[in-house]
Amino acid sequence: MAGTALASRARLGVRGVRAVQTRGFSSDKDHEGSSGSIRDAGGAFGKREQAEEERFFRQKTKEQLAALKKHHEDEIYHHQKAIERMEKEIERHKQKIKQLKHE
């Protein structure tokens with residue numbers, strides 16, 4: 001029995017196995033009488049659902065923008081500190097050059 005299954009797999013090859021696998025699945029659209037979401041039904045509940053979704057996405061967008069703003073502020077702070085550090089290094093090097101000229 002195991003030898004027969006192995007031989008049939010070898011004959012089918014990769015494409016045959018994929019074809020067999022895809023035939024076993026069905027979509028939900030094939031079932032009649034399936035209920036949709038509340039929003040699709042319309043009415044007061046549909047309007048409420050739509051308002052809740054819009055509020056949720058506005059809040060998510062607001063949170064994402066706040067996080068992005070904070071990220072940019074942190075980047076600016078970091079770069080300002082790097083500029084200050086580099087300016088100190090430049091000044092230190094200028095002082096060394098002056099000392100070398102006087103020697």
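Colleague: How many aromatic pairs does the structure hold?

Modeller: This is a predicted model. The rings of F56 and F57 form a pair, with their centres 5.2 Å apart. The number of aromatic pairs in the structure is 1.

Colleague: Is the pair of F56 and F57 stacked or edge-to-face?

Modeller: Planes over 60 degrees apart count as edge-to-face. The ring planes of F56 and F57 stand at 75°, so the pair is edge-to-face.

Colleague: Is F57 buried or exposed?

Modeller: F56 has 43% relative accessibility and counts as partly exposed. The cut-off for exposed is over 50%. With 52% relative accessibility, F57 counts as exposed.

Colleague: What separates E63 and K60 in helix α3?

Modeller: The side chains of E63 and K60 form a salt bridge at 4.0 Å, N to O. Helix α3 covers residues 43-102, and the two residues sit 3 apart in it. The separation of E63 and K60 is therefore about one helical turn.

Colleague: How far apart are N and O in the salt bridge of K70 and D74?

Modeller: Both K70 and D74 belong to helix α3, 4 residues apart, which is about one turn of the helix. K70 is partly exposed at 49% relative accessibility, and D74 is partly exposed at 41%. Their salt bridge has an N to O distance of 3.0 Å.

How values were computed
Residues numbered from 1 in each chain as written. Predicted model: local features only at pLDDT ≥ 70, side-chain atom pairs only at ≥ 80, totals over all residues. Heavy atoms only, no water. Phe/Tyr/Trp six-rings, centres within 6.5 Å; stacked < 30°, edge-to-face > 60°. Buried < 20%, exposed > 50% of the residue type's maximum accessible area, 1.4 Å probe, protein only.
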